[in-house]
Amino acid sequence: MPEVRIIAKNFMDMVASMPAMKLDKLFENGFICEAILRSLPPLAKKYVLQLLHIDVPVAAKLLEEWVLPDGISKHRVAIDRLVQLRVFVEAVDRKNEKTYKVNPTFQRSLQKLLVHGGTLPRESMPSNITVRLPNLEDLEAYALEQWECFLLQLISSSHVEKPLNISSSLMKVFQRRLLSQRDKEAPKLTESGFQFLLMDTNAQLWYIIREYISNSEERGVDAADLISFMLELSFHVIGEAYNINTLTDFQRNIIKDLADLGLVKLQQGFVVVETNFRVYAYSSSKLHCEILRLFSRIEYTLPNLIVGAITKESLYNAFENGITADQIISFLQQNAHARVAERIPSVPENVTDQIRLWESDLNRVEMTEAYYYDEFPSREVFEAACDCAREWNGLLWEDSKKMHMVVKTEVHTYVRDYLRRQK
């Protein structure tokens with residue numbers, strides 16, 4: 001068996017190999033700094049936190065005094081890692097002695113995150129918008145199936161029942177060393193490609209991610225932006241749904257590539273909304289039908305198609321049940337069928353605008369039970385009654401010329417008793 005020559009580095013090794021300017025750009029993001037802090041050896045984390053609020057260089061000899069003699073090897077590993085990642089900046093003082101200082105950009109970002117806190121890059125979607133989320137077992141099964149399909153397609157596309165539509169970005173990764181192609185022949189595995197198949201899954205995955213990042217510049221993608229987004233994804237919760245509409249085009253392309261590798265599962269949309277307010281849901285799920293029935297009029301159902309319409313009456317029923325226009329629009333956008341999900345917007349603007357207008361119609365008038373007073377014997381009595389209603393915060397309306405007023409039901413008894421005492 002030939003020796004496997006491809007070495008798969010871990011993610012932070014790739015971060016450490018970046019130029020200083022790129023690293024400093026990454027350090028401007030507090031969450032990136034937190035991710036790097038989490039990856040450090042325990043002793044390195046301790047050093048960072050101890051020096052985080054110290055703005056002057058610290059002598060290397062002083063740091064060595066912080067550990068016992070039997071811990072000096074761990075100390076050197078920690079310092080080496082901090083210097084590799086440029087978390088510590090190494091310098092020499094006037095006495096020609098080595099010193100260390102926390103990278104100023106890293107220091108500012110982490111200080112801000114720890115002192116003021118931070119908001120997660122993206123909030124997960126509420127359960128009333130998503131339909132059915134896969135559990136952890138479903139996600140694991142999906143990842144394994146997708147990865148197996150991916151590897152089989154590398155060997156030969158004839159082995160795959162449903163071939164993946166591998167993006168040009170990923171194809172460049174494979175064509176670099178794993179695949180070769182002559183003239184019009186189908187791509188074939190190279191010697192390195194066969195070695196790749198002998199690796200364990202983690203090594204294979206890290207190799208692909210490493211190559212995907214290292215050739216990003218050739219695709220016109222900034223490696224710092226790519227690494228930043230991948231580290232950002234590490235803060236998302238496994239199994240939660242996130243709105244893909246919040247991503248930039250660059251980030252969406254990355255998500256699609258990660259989905260091909262089985263690292264991300266894209267929600268399968270099923271709803272098509274037309275400009276005439278017709279709704280077509282390509283689903284056989286009773287749950288989908290009942291959810292659509294909450295805000296639309298279901299006209300008929302076929303074995304794999306639900307047809308309905310968004311009407312003023314159906315929306316009023318939804319609003320009365322506490323469902324908001326924004327929730328309905330978000331549901332339609334998040335569950336848009338693949339054919340329309342690529343459009344911007346995925347739901348026609350005339351439909352979303354009308355949904356919001358019908359909601360605002362209900363908010364124009366607020367019904368409040370009240371009592372109407374007129375025929376006061378004098379202006380003095382009228383003004384005194386108005387003052388009494390105001391004291392109880394119950395005066396809704398007054399007409400000083402005609403001496404008419406309207407008060408809330410709950411203060412009616414107080415105003416009535418006051419007027420009786422005046423008689």
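Reader: How does Glu-299 count at 30% relative accessibility?

Author: Buried means under 20% relative accessible area and exposed means over 50%, with partly exposed in between (1.4 Å probe, protein chains only). Glu-299 has 30% relative accessibility, so Glu-299 counts as partly exposed.

Reader: What kind of model is this, and from which number are residues counted?

Author: This is a predicted model, in which local features need pLDDT of at least 70 and side-chain atom pairs count only at pLDDT 80 or more, while totals for chains, interfaces and linings use all residues. Side-chain values use heavy atoms, without hydrogens and water, and along each chain, as its sequence is written, residues are numbered from 1.

Reader: With which residue does Arg-297 form a salt bridge?

Author: A salt bridge is a side-chain nitrogen of Lys or Arg within 4 Å of a carboxyl oxygen of Asp or Glu. Arg-297 is partly exposed, with a relative accessible area of 44%. Its closest N and O atoms in the salt bridge are 2.8 Å apart, and the partner is Glu-299.

Reader: How many residues apart are Asp-225 and Lys-25?

Author: The side chains of Asp-225 and Lys-25 meet in a salt bridge, at 3.4 Å from N to O. This pair links distant parts of the chain, with Asp-225 in helix α12 (residues 223–233) and Lys-25 in helix α2 (residues 20–26), and the separation is 200 residues. Asp-225 is partly exposed at 32% relative accessible area, and Lys-25 is partly exposed at 36%.

Reader: How far apart are the end C-alpha atoms of helix α8?

Author: Helices (H or I, at least four residues) and strands (E, at least two) are DSSP runs, numbered from the N terminus. The expected span of a helix is 1.5 Å times one less than its number of residues. For the 20 residues of α8 (residues 136–155) this rule gives 28 Å, which agrees with the separation of the end C-alpha atoms, 29 Å.

Reader: Which residue caps the N-terminal end of α8?

Author: A polar contact is a pair of N or O atoms within 3.5 Å; within protein, one must be able to donate a hydrogen and the other to accept it, and residues adjacent in sequence count only if both atoms are side-chain atoms. Here a side-chain oxygen lies 3.1 Å from the backbone nitrogen of Glu-137, and the capping residue is Asn-135.

Reader: Which elements are included in what covers the buried residues of α8?

Author: The buried residues of α8 include Tyr-142, Trp-147, Phe-150 and Leu-154. Contact means heavy atoms within 4.5 Å. The cover includes α9 (168–177), β4 (179–180), β5 (188–189), α10 (191–198), α11 (201–214) and α13 (249–260).

Reader: Which residues does Ser-296 touch, not counting residues up to four places away in sequence?

Author: Ser-296 sits in the loop between α14 (286–293) and β8 (297–302). Ser-296 is buried, with a relative accessible area of 5%. A polar atom of its side chain lies 2.5 Å from the backbone oxygen of Leu-292. Not counting residues up to four places away, Ser-296 touches Ala-309, Ile-310 and Ser-314.

Reader: Near what value is the phi of Phe-277?

Author: Phe-277 is in the loop between β6 (271–273) and β7 (278–281). At 18% relative accessibility Phe-277 counts as buried. Its phi is positive, in a residue other than glycine, and is near 75°.

Reader: Near what value is the phi of Glu-375?

Author: Glu-375 is in the loop between β10 (370–373) and α19 (379–391). Glu-375 is exposed, with a relative accessible area of 75%. Its phi is also a positive value in a residue other than glycine, near 55°.
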